[in-house]
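Here is a short tour of one protein model, written for someone who likes to check geometry directly. Have the viewer open beside the text and follow along.

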Amino acid sequence: MNAEVTKRRVIAIAGATGFVGSRLARVLGASSHVIGLSRSSSKKPRDGVAEWRGCDLFSLRDAELALEGVDIAYYLVHSMMPSAHLTQGTFQNLDLIAADNFARAAKKCGVQQIIYLGGLIPTGEGELSEHLKSRLEVQETLGAYGTPLTSLRAGLVLGPEGSSFQILFRLVKRLPAMLCPAWTNTMTQPIYVDDAVALLVYCALREGTFGQSYDIGGPDVLTYRDMIAKLSDVMGLHPRLVFVPFVSPSLSRLWVTMVTGAPKALVAPLVQSLLHPMVAHDRRLQDEAGVPGVPFDEAAKRILGQAGQNAVPLAFRGGSRESSEPEVRSVQRLHLPRGRNAKWVGEEYLRWLPHRFFPFRVEVAGDRAT
């Protein structure tokens, strides 16, 4: 048989340890050589991942080495939690750097397609939350260097280890009565994780999806109050829901963090995004792939039957710092004056630094300051 026919596709997954990425690896591993990208390369092959490559996406060189020989690269990374022992910088800036390095590396390594799972972008008036603006910026960055990009945009992805489901589950389980601020009337269209994975697999090297963005979601369009009520029925609990129109997003962040145990760094941007309707307006990919999605009630039953009651999302544990070595990361975004570049920034910094710590003495020698 022709060797080209039998050659297995080489697929890299950035975010292979996440709850979507790990399921995607299991499915793809049956027919492809799956490379999991991780901060550590010492992991053993498992759950569909044939090979682990150490990759810090904040290093362009790491990204280039990680994508060597890869046909398809999945990007399932979001930097909403600190990525180092001391992180200085917003998640938007961290996400931008990682996506830019990934896209540059994909271009250099001849990757045939990048597939990105991002967030639904609401239509209508009002400024997007920082979380949603970042998702859109990442999408634009991944497609900026010429590698064909396929973007799937989802709202809540429901799964046992998913942060969104665990927040809902813990609210229902732990509160006999629940305040429902105005944002709980916001419409959303959640999708079950297995349906999202099926669509990610469907897009692999399917040329009709190159350069396309698709909204994906389950068959149910619900408010957050609806989801809380439906999940309560599935769990056999009946907390009293009290509508409180005056509770602010800041108070909501506080009580969601206190009740669920989710880190503030995770809850803050999520609650801000809840002010926007997150409905899939273009589900043509699901029609084409024959994946309409399972209803919310059925998804909740499946999740609770998969140890969803005991799952602890990785984000709830404070991220995946796989190295015990002290690490500091600082990422800042500069808006340079017209005609200025990075060299100008460096020169200005060295002129500014000696005066910054007056009356202490700072000497600048060459490209170093002491």
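## Salt bridges and a buried strand

Arg61 and Glu64 sit three residues apart in helix H3 (residues 60-66), a spacing of about one turn of the helix. Their side chains meet in a salt bridge, with N to O at 3.7 Å. Please keep in mind that this is a predicted model.

The two partners sit in unlike surroundings. Arg61 has 48% relative accessibility and therefore counts as partly exposed. Glu64, at 11% relative accessibility, counts as buried, because buried means under 20% relative accessible area.

A second pair can be found in helix H12 (residues 296-304), where Glu298 and Arg302 are four residues apart, so about one helical turn separates them. The closest N and O atoms of their salt bridge are 3.0 Å apart. Glu298 is partly exposed with a relative accessible area of 33%, and Arg302 is partly exposed as well, at 34%.

What about neighbours in the sequence? Asp47 forms a salt bridge with Arg46, and here the closest N and O atoms are 3.3 Å apart. Asp47 counts as partly exposed at 42% relative accessibility, while Arg46 is partly exposed with a relative accessible area of 41%.

| Salt bridge | N to O distance |
|---|---|
| Arg61 and Glu64 | 3.7 Å |
| Glu298 and Arg302 | 3.0 Å |
| Asp47 and Arg46 | 3.3 Å |

How many salt bridges does a search of the whole structure find? The search finds ten. Salt bridges also link Arg23, Glu161 and Asp194 in a network.

Now turn to strand S1 (residues 10-14). Five of its five residues are buried, so the strand is largely enclosed by the rest of the structure. In a regular strand, side chains alternate between the two faces of the sheet. Along S1, Val10, Ala12 and Ala14 point one way, Ile11 and Ile13 point the other way, and all are buried.

Which strands pair with S1? One of them is S2 (residues 33-38), which pairs with S1 in the parallel sense over five bridges.

### The chain as a whole

Stepping back, the protein chain contains 13 helices and 17 strands. Of its 370 residues, 48% count as buried. Take the contacts between residues at least 6 apart in sequence: 77% of them join residues at least 24 apart. The accessible surface of the protein chain comes to about 18,200 Å², and carbon and sulfur atoms account for 53% of that area.

How values were computed:
Residues numbered from 1 in each chain as written. Predicted model: local features only at pLDDT ≥ 70, side-chain atom pairs only at ≥ 80, totals over all residues. Heavy atoms only, no water. Buried < 20%, exposed > 50% of the residue type's maximum accessible area, 1.4 Å probe, protein only. Helix = DSSP H or I, 4+ residues; strand = E, 2+ residues; numbered from the N terminus. Pairing = 2+ DSSP bridges. Salt bridge = Lys/Arg side-chain N within 4 Å of Asp/Glu carboxyl O. Contact = heavy atoms within 4.5 Å. Areas by Shrake-Rupley, 256 points an atom, 1.4 Å probe, with all protein chains shown as cover.
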